[in-house]
Amino acid sequence: MTRPAAPHSALAPIETDALIVGAGPVGLFQVFELGLLDIKAHVVDALTEPGGQCIELYPNKPIYDIPGVPMCTGRELTERLLEQIRPFAPNFHLGQEVAALTRREDGRFDVGTSLGTRFVAKTVFIAAGVGAFQPRKLHLEGADTLEDRQIFYRVRRPQDFAGKHLVIAGGGDSALDWAIHFAKEGAHRAASVVLVHRRDGFRAAPASVARMRELCDAMQMQFLVGQINGLEMAGERMAGVKVTSPDGLTRVVPAEALLVFYGLSPKLGPIAQWGLAIERKQLVVDTEKFETSEPGVFAVGDINTYPGKKKLILCGFHEAALAAFGAARYVFPDKPVHLQYTTTSPKLHKALGVEPPSFDDD
């Protein structure tokens, strides 16, 4: 994979055919479709590694609806997409958010990021999923000072929680998946796992709920119905969390670490200020080329909306293919762009670095 590019000086903007905002699966596949048309791309993402929600939220969760791939995890899908786009050598600018977009007199776009990286792009592709998403956090006294020390909203290194007393808060897939992960036998098993949710009902896969209850029955973890309403401190460290049950009884549950999965709050962020047509926090596009109300700016994946829109990764892949052809007229205004097939086109074989196939039956 191409190494993440260092932030550029404000005096040295990067010129590119296409700038892709978002390095999730659809943004990565957009690189591929653009590459087939000889359109060079740079990719910006607020996260510190490619993969978007697939990496951030469910790297180990199985995905079953990718054509030709019966099952893969979010991480495996990301790895395969990165391998697929390797021939086109995209440049990644990670850990920074696109902040400003303005049109130049020559028709191109000036784009700036939160770290001061500047681009001059012929086209812009917004593949930002649900937008710049942030976890919903605990609103408890002292919680902010413990963030990323004892209170966590994401699990980046599972090994850090091995052998610890954990409390996990939430009732969705992430909470159940991590509770199961840390409760079962294995290298990352915690000393204890207590799952806390406000009710005895979940927004998670039934199989995960069943597995959680099996682990509780086997006394490998515990489930409490209640609300976390306080922290028990020992000096500057958290020693436990206060959980109030529906009958008003409050108990202190020992905790060396608290994992909170209350969901995400998606925000369009600066994109909302770019003057693009928006409907219910999504970008309105056509279905011919998935162009927004601003010529030369395209939107693919979960961030767009149109009649019949379905928020599926495979639909985003289709959108990326048509958007690439829509962008070609801006990148190559004087050159006709013809549809070619990766099976038969020598030009595409060369671009992909593969040997032409042989159809000789002998």
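A salt bridge here is a side-chain nitrogen of Lys or Arg within 4 Å of a carboxyl oxygen of Asp or Glu. By that criterion, the whole structure holds 19 salt bridges. The model is a predicted one.

Start with the pair Asp38 and Lys40. Their closest N and O atoms are 3.6 Å apart, and they form a salt bridge. Asp38 has a relative accessibility of 35%, so it counts as partly exposed. Lys40 is partly exposed too, with a relative accessible area of 47%.

Next come Asp106 and Arg108. Their side chains meet in a salt bridge at 2.9 Å, N to O. The two partners fall into separate accessibility classes. Asp106, at 47% relative accessibility, is partly exposed. Arg108, at 19%, counts as buried, because the cut-off for buried is under 20% relative accessible area.

Glu291 forms a salt bridge with Arg329, and the closest N and O atoms lie 3.5 Å apart. Glu291 sits in the loop between strand 20 and strand 21 (297–299), while Arg329 belongs to helix 7 (residues 313–331), so the pair ties together parts that are 38 residues apart in sequence. Glu291 is buried, with a relative accessibility of 6%. Arg329 is partly exposed at 47%. Elsewhere, salt bridges link up through shared partners: Glu15, Arg104, Asp106, Arg108 and Asp110 form one network.

Strand 20 (residues 282–284) pairs with strand 22 in the parallel sense, over two bridges. Within the sheet, Leu283 stands opposite Asn304 of strand 22.

Now turn to the surface. Arg136, Arg198, Arg199 and Arg203 gather there in a patch of positive charge. Patch members must have over 30% relative accessible area and no salt bridge. Which loop holds Arg203? Arg203 lies between strand 12 (192–197) and helix 6 (206–217). Its relative accessibility is 47%, so Arg203 counts as partly exposed.

Key. Residues are numbered from 1 along each chain as its sequence is written. This is a predicted model: local features need pLDDT of at least 70, side-chain atom pairs count only at pLDDT 80 or more; totals for chains, interfaces and linings use all residues. Side-chain values use heavy atoms; hydrogens and water are left out. Patches are made of residues with over 30% relative accessible area and no salt bridge: like charges are joined within 9 Å, nonpolar side chains (Val, Leu, Ile, Met, Phe, Trp, Tyr) within 5 Å. Accessible areas come from the Shrake-Rupley method with a 1.4 Å probe; for residues, only the protein chains shown count as cover. Lys and Arg count as positive and Asp and Glu as negative; His and the chain ends are not counted. The place of a charge is taken as NZ of Lys, CZ of Arg, CG of Asp or CD of Glu. Helices (H or I, at least four residues) and strands (E, at least two) are DSSP runs, numbered from the N terminus. Buried means under 20% relative accessible area, exposed over 50%, partly exposed in between (1.4 Å probe, protein chains only). Two strands pair if DSSP finds at least two bridges between them.
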